[in-house]
Amino acid sequence: MARIGIADTTFARYDMAREAIDEIKKAVGGVTIVRRTVPGVKDLPVACKKLIEEEECDIVIALGMPGKEEKDKVCAHEASTGIIHAQLLTNKHILEVFVHEDEGATDKELIDIAINRSREHAKNAVRMIFYPDDMTKRAGTGRRQGKEDAGPLTDSH
Amino acid sequence: MARIGIADTTFARYDMAREAIDEIKKAVGGVTIVRRTVPGVKDLPVACKKLIEEEECDIVIALGMPGKEEKDKVCAHEASTGIIHAQLLTNKHILEVFVHEDEGATDKELIDIAINRSREHAKNAVRMIFYPDDMTKRAGTGRRQGKEDAGPLTDSH
Amino acid sequence: MARIGIADTTFARYDMAREAIDEIKKAVGGVTIVRRTVPGVKDLPVACKKLIEEEECDIVIALGMPGKEEKDKVCAHEASTGIIHAQLLTNKHILEVFVHEDEGATDKELIDIAINRSREHAKNAVRMIFYPDDMTKRAGTGRRQGKEDAGPLTDSH
Amino acid sequence: MARIGIADTTFARYDMAREAIDEIKKAVGGVTIVRRTVPGVKDLPVACKKLIEEEECDIVIALGMPGKEEKDKVCAHEASTGIIHAQLLTNKHILEVFVHEDEGATDKELIDIAINRSREHAKNAVRMIFYPDDMTKRAGTGRRQGKEDAGPLTDSH
Amino acid sequence: MARIGIADTTFARYDMAREAIDEIKKAVGGVTIVRRTVPGVKDLPVACKKLIEEEECDIVIALGMPGKEEKDKVCAHEASTGIIHAQLLTNKHILEVFVHEDEGATDKELIDIAINRSREHAKNAVRMIFYPDDMTKRAGTGRRQGKEDAGPLTDSH
């Protein structure tokens, strides 16, 4: 039985994990979900690695909401670097779902991005475990999460 | 018996470790605390790793106070990257508690931030070891340490 | 029989992998190609490592198309760092083929760069596995992929 | 018998190692000092690791003098990151003693910083090996090396 | 018999490896030189690691010529970080010899820097393997490669 890890933070201002978990349950049955919550994004890399190594998750979704200040950008960069490192040490995918607080002008806009991005990446996680060929069918088509797809480049532009 | 490591610096201008230790003792009994002090924040990553591997700590709190110059920001970034790396090599959490000298306008303000951030993260350390479900109850609620909580995003904004 | 891995993304706006695969097939027979598609460039490092360690690829081509915003530059940097790390952990080459969305003024220009860069690096991959001495013959000659070669420095300038 | 490693560079414009070695000899007897010199600061991380793993040093002091240009700052950052990594791979402390060429306005000023910083960190190395509790007594007191101590924050400011 | 590895690129616009190899042969007999050429500087870290681990080189010289654009600076930084990492994983020195295309105003100037830097670091590689004490005699004397030595700081300035 597949196991999907969910790592999220108390720093985030929206419960993105709830969205991701709901999407996974809608998409596929018979999956065990293991969730761990840490203070901030810099605590996510080891939380994800523990979900893989101690909880035997096949894939992990790491959700966070970095602040809008310069130092928050640095934190997010450090977290992302650590998440990539955790993947290299475990040979498992960890999908990073970060919403930066300056991506939306209002709370409403941020919430919409958070919901869409969490759900789209939950779908990606399911595809990557159960239907990897579906990923390749979507290759090079300009998919985005949180906002509208960019779509493929077209020769006529 | 749980063991909590405390790593701090002689560079810092306030004894943040004392606050964290006091908070841990107030929150929970029967915990062994092991403390190591190093010159600056760049010496913290290996100090934390040694606390985990040589002193068998279950979690570590790393406290530091980077200066306000550009080169201090770089030092803090290098230290943070190393602290994340140390966690990935040990599968243990290390809570980074850094107060940047330019976060407060006066000594008084800096001291207040240092006290609050040290104590709030000490509480997080205790939660993560003893009551991990309490972390998940706080997920996505905009918690901050050192300053007032940001709180959750609200649909009506 | 040589095995070449191809890792690409759904974020990219052009199917660069198709170009690389076609070029490899034109250049050399009897090669097995294994392709995996992930959401974005930050997912490529572990995808490449898995192609090497789980699919026994001798070399991997990692194709991606980072966006034009500052945060996309940071993502590309994190991905590149991870791809270098993946190589160090496996002792295999991974050729990074990234086209930045701001490299071309029009869709047409971007497509041309993407095609040329993917094909030129596919040729490099074939050379590196089958004809490594051909690489040394080209050493220091100012080769470029995606755009015109810079050529060697000349004493007379 | 304790072994202290000294790694320095030919790029530096002052013999900082001589100061550190003299300070160690004044502070404590019966210590073996092993010195290795490399071209620049980016060669220091592996030099330090070799001093620990091949020469069995208990602690290493890494001395360098990065230039004043932007690219020198990048070199120093890469070196620092590597020095932290070397510590994590060996579980030994490496005290980084870098003097940036733009820290002083005149040669004289730079020499003074180099002498003081080298000697103060030599004292730290001795404390960390022989008298670790002395480090904790100095925790949070705003110690600096190379320049005057900042001292502790005071409530009345 | 000592083995020296040489890793260079097809991106570079001057055959720096030829200069380094010639200098090594002039300086010392009975050395085996193993050369590998890769596309660009980001491919150098693993090429160097393979020279050490698969070709049993005692030291490696990594030669490259990053372009003058901002993204080339980022590539060089990623390559340097990887080269330091490769050293830490092998406990062997890799001397990085990078000439940035904006270091010289003319092709002629760039060629002069490339020749001098490649030859000076070839001498350093020979010293580090055969005459390590000669490195320490040069410690703190402001040596440069590619341009004139800076020389030691003098008290009278």
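Reader: How many residues does the contact take from chain A and from chain C?
Author: The contact (heavy atoms within 4.5 Å) takes 34 residues from chain A and 37 residues from chain C. This is a predicted model, where local features need pLDDT of at least 70, side-chain atom pairs count only at pLDDT 80 or more, and totals for chains, interfaces and linings use all residues. Residues are numbered from 1 along each chain as its sequence is written, and side-chain values use heavy atoms, with hydrogens and water left out.

Reader: OK, and what area do chain A and chain C bury between them?
Author: About 2900 Å², with 59% of it on carbon and sulfur atoms. Buried area is the accessible area (1.4 Å probe) that two parts lose on being put together, summed over both.

Reader: Which three residues supply more than any other three of the area chain A buries there?
Author: Leu88(A), Asn91(A) and Leu153(A), which supply 27% of the area that chain A buries against chain C.

Reader: How many salt bridges are there between chain A and chain C?
Author: Three, counting a side-chain nitrogen of Lys or Arg within 4 Å of a carboxyl oxygen of Asp or Glu. One of them pairs Glu103(A) with Lys71(C), and their closest N and O atoms are 3.4 Å apart.

Reader: Switching topic, what about chain D, how far is it from chain A?
Author: Chain A and chain D have no contact, and their closest C-alpha atoms lie 13 Å apart.

Reader: And where does chain D sit relative to chain C?
Author: Chain C and chain D don't touch either, with their nearest C-alpha atoms 13 Å apart.

Key: Chains lettered and ligands numbered in written order.
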